[in-house]
Each structure stands twice: as structure tokens, then as C-alpha cells.
Amino acid sequence: MSNGEEEGEKSVDLHASVVPIMAEPYDDNTFFLGQNGLVDGPSRVQLALLASTKAESITVHNLKPSLFTNSEEISTRLTTFPRVHEDHSLFRHAYIELVMQWEGKKRNPNPKAAVLLVIDMQNYFSAMAKPILQNLLTTIRLCRRVSIPVIFTRHCHKSPSDYGMLDEWWNGDLILDGTPESQLIPELDDVRAGHQDHVVEKNTYSAFRGTGLEEYLKERDIQEVIVTGVMTNLCCETTAREAKRNPNPKAAVLLVIDMQNYFSILAKPILQNLLTTIRLCRRASIPVIFARHCQKSPSDYGMLDEWWNGDLILDGTPESQLMPELDDVRAHQDHVVDKNTYSAFRGTGLEEYLKERGIEEVIVTGVMTNLCCETTARDAFVRGFRVFFSTDATATENEELQEATLKNLAYGFAYLVDCSTFDQLPFH
């Protein structure tokens, strides 16, 4: 917009009766929320924090019509959101509508467990950073308002010998420590003044790699990170990927669902990934539990008989046994759960078994993704367990069903993981 920069220079009065949020179309799938001091991209952070302000309503301008059914819906449903509930439920509904194109799982930061990471806002990147500067300053102020600590990162190298693989990609055009380019931009001085913000110096894309940041956050019981700064697709994205929630080896268990002879053809494509997952979990001292699907007799079929016309698995038959390919990774002390329906929790005593041992997280692997694995994951969630669901050690009949389950679970039930997740876990 021609007046975008003028709007961008205006400050946002958090105590005003109306807080304007300019929403600019960015591309077919995303919004650019900005031009008045609010963030681009996943602006849920600012929107969520604004819920704690005194504004009586929030006005949204220039919404992208293709996200809604018609222009009337934009004007009547999403132009103004009254603050009529203490829990801001209408506000949350509206903000979810605004960011629905960004991600499946929508969740607000918890100020008691979050930290704001401001990535590489240095003189070297000043031209790139300028368009988001007001957005970033507003984000920092809002986070300080709700007592979310702020950490700044600087990308710099002590000498050319410190360049590593980056030299191969950027032909030596890197940032030497001590140069003006390596310093944080002066426009941040006002929001840094009077605060003892932690500063992380890094020499690669991730703010976690070799910086001690992970230990720093864990010592302070930080469980969530909010990523801002530059460059989105390099240092910001890499930092975000490394910061994603991983299983806690001290509180997790690996569930291996129905890897039986009956399902051997279905299971074969994921077998190596599953074996790797089991070995990596054992390396991290995560206990392993195997589930077997079997019926004691035809009278035990229940509702499954109606769906599968008697094609079920009788206990004691070769089909009911765990696949022999698992023998090398099984230990005699592994708990085995026998179940007669989709969920490994239903009538098996598994919930009590886990809670007696202080287990708070379950990692779901095995077959079938959309039946026993998904049902077990959902059941674990409603019973109060944090759920991690493997994308490369689960299988079902076709890719469409696999993807449908992963999308549904990632929307609000489970964190998606793969073999590489467990390779990052500490040894025990």
C-alpha cells in the first residue's frame, strides 16, 4: 500500500478503546499482519497478548476475501470483535480464523513458561529488518508487559576459521565479531534499556547449536519459545525447528502398536524406522511397551465384528504373535499389553500401569495409523498424557489415510516426531 510506511510508523495505544490491526494479503495461503506495529506471519503471538489489554474491540481492515465465503461475512463477522466474555472466547475464535492458513495446531504462548527469541537483528541485516522493525518492537513490548523474558541472538564469527560450512554457501560474506555489522541495531536500544536481557552469540543458523541456550532455558524451566527476527528461512526457521518440543526421556514411554504377523505386509515398509526408533529410545532409557491386538474367542469380537465381518485375530494363532523381526530389539522385561479393540488403554490397565511409574508422555508407533494408533493417541490425550506420534514409524493402507491422521492429530492432539527426533535425545 502506498501509505504502508506511514501506518508502520504509528505506535499502537494498548489502552485505546479500539486497536486497529491492518491485515495485508501476502500470498494465496498467508496473511501479512502489519503496517501498524503488529507482526507478519504467525501474528497469533501479538493477538493473544493483546487479549490482556484494555481494548474493548479489535478492528480488522483489508482482509483477504478468498479466506472467507463472501464479502458480507468479512464485514459482519470479522470486522469487529466485541470483548463480551472474560475468557475472550469471541476474540479467540476470530484470531483463529485469521491465522488458520498458517498451521494446524493453534495455541497461545504461556507467559509463565515462554521466552521471546529475537534472532540476528544486527546492522548487517538492517535493510532486511527495517520493514518488520515496528512489528518487532511491539512484540517485545507486549512480551515484557506479560513478563515474558527476551533473549537476543547475534550471528558472528571469531575468525575466518570459524566459518565452517557457511563459507561454502556464502563465499566468505559472513559477519566477523567486533565489527559494526555484528552489533545489534541501535533501534533496539529503547526496548533493551533497563533490562538485563540474555544475549546469545552463534556461528551457525541455529541459536541452540553450541551456544548453551538449551541448558539456559531448561535451568529456568522455559518450555516454549517465540521466534522473531531475521532471516525467516535460515536462522529463524532452523532455530524454530531445533526448539520444537521433544519427548522427555524421564517421563515418556514408547508404545509399539500391533506389530504382529497379521499386519506384517502393512508393517514391512516402516520396519527399519521402527527398529531405529526402539533402539534410540532404549539409548535414552525410554521404556518400551508392545501392544497386541487379539480376541480370546468370537464372543470377544464386539463392535469390530460388525465392521470386519469376523476377519479378526484370535489369541494363540501365529497371526496374533509379534513379528520375529522385533526379537533383536525386545527385552524380557518389556511390558506387553493385550487389547481387543482399537485403543491400547481400553480395559487393559495400561493407564494405571503408566501412572504408577510416573509416566506423563506416550510416543505412538506401529500399525494401523488411522485405527489403533490414532485411537490410542486420542485416548492417551483425553486421559491426560502428552502425546507424540511418529510420522515414519507408523503405517496404514494408503498415503491418504496416513496423511489424514497426521493432520488431525497435529491439529490438537499430538506432537509429530520421526527417527531424527529420538537421535537428538540425550544418552542415559
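The largest nonpolar core has 33 residues. A nonpolar core here is a set of buried Ala, Val, Leu, Ile, Met, Phe, Trp, Tyr and Cys residues joined through side-chain atoms within 4.5 Å. Buried means under 20% relative accessible area, exposed over 50%, and partly exposed in between (1.4 Å probe, protein chains only). The model is predicted: local features need pLDDT of at least 70, side-chain atom pairs count only at pLDDT 80 or more, and totals for chains, interfaces and linings use all residues. Residues are numbered from 1 along each chain as its sequence is written, and side-chain values use heavy atoms, with hydrogens and water left out.

**Nonpolar core**
- Met259, Ile278, Leu326 and Val367 have the most contacts inside this core.
- At least two core residues come from each of β9 (252–257), α11 (264–267), α12 (271–283), β10 (288–293), β12 (361–367) and β13 (386–395). Helices (H or I, at least four residues) and strands (E, at least two) are DSSP runs, numbered from the N terminus.
- α12 gives the most, with six residues.
- Val367 touches Ile257, Met259, Phe263 and Cys372, among others, not counting residues up to four places away in sequence. Contact means heavy atoms within 4.5 Å.

**Four-stranded sheet**
- An open sheet of four strands runs in the order β7-β6-β5-β8, with parallel pairing. Two strands pair if DSSP finds at least two bridges between them.
- β7 (198–202) and β8 (224–229) are the edge strands; each has a single partner, so one side of each lacks a neighbour in the sheet.
- The twist averages 25° from one strand to the next.
- β5 (residues 114–119) and β8 run parallel and are joined by six bridges. Leu116 stands opposite Ile226 in β8.

**Helices on the sheet**
- Helix α6 (residues 133–145) packs on the sheet, touching β5, β6 (150–155) and β8; its direction makes about 155° with that of β5. Axes are lines fitted to C-alpha atoms, for helices over the stretch in contact; angles run from 0 to 180 degrees between N-to-C directions.
- Helix α10 (residues 232–243) lies across β5, β6, β7 and β8, at about 175° to β8.

**Arg154**
- Arg154 sits in strand β6. Its relative accessible area is 7%, so Arg154 counts as buried.

**Whole protein**
- The protein has 17 helices and 14 strands.
- Of its 428 residues, 47% count as buried.
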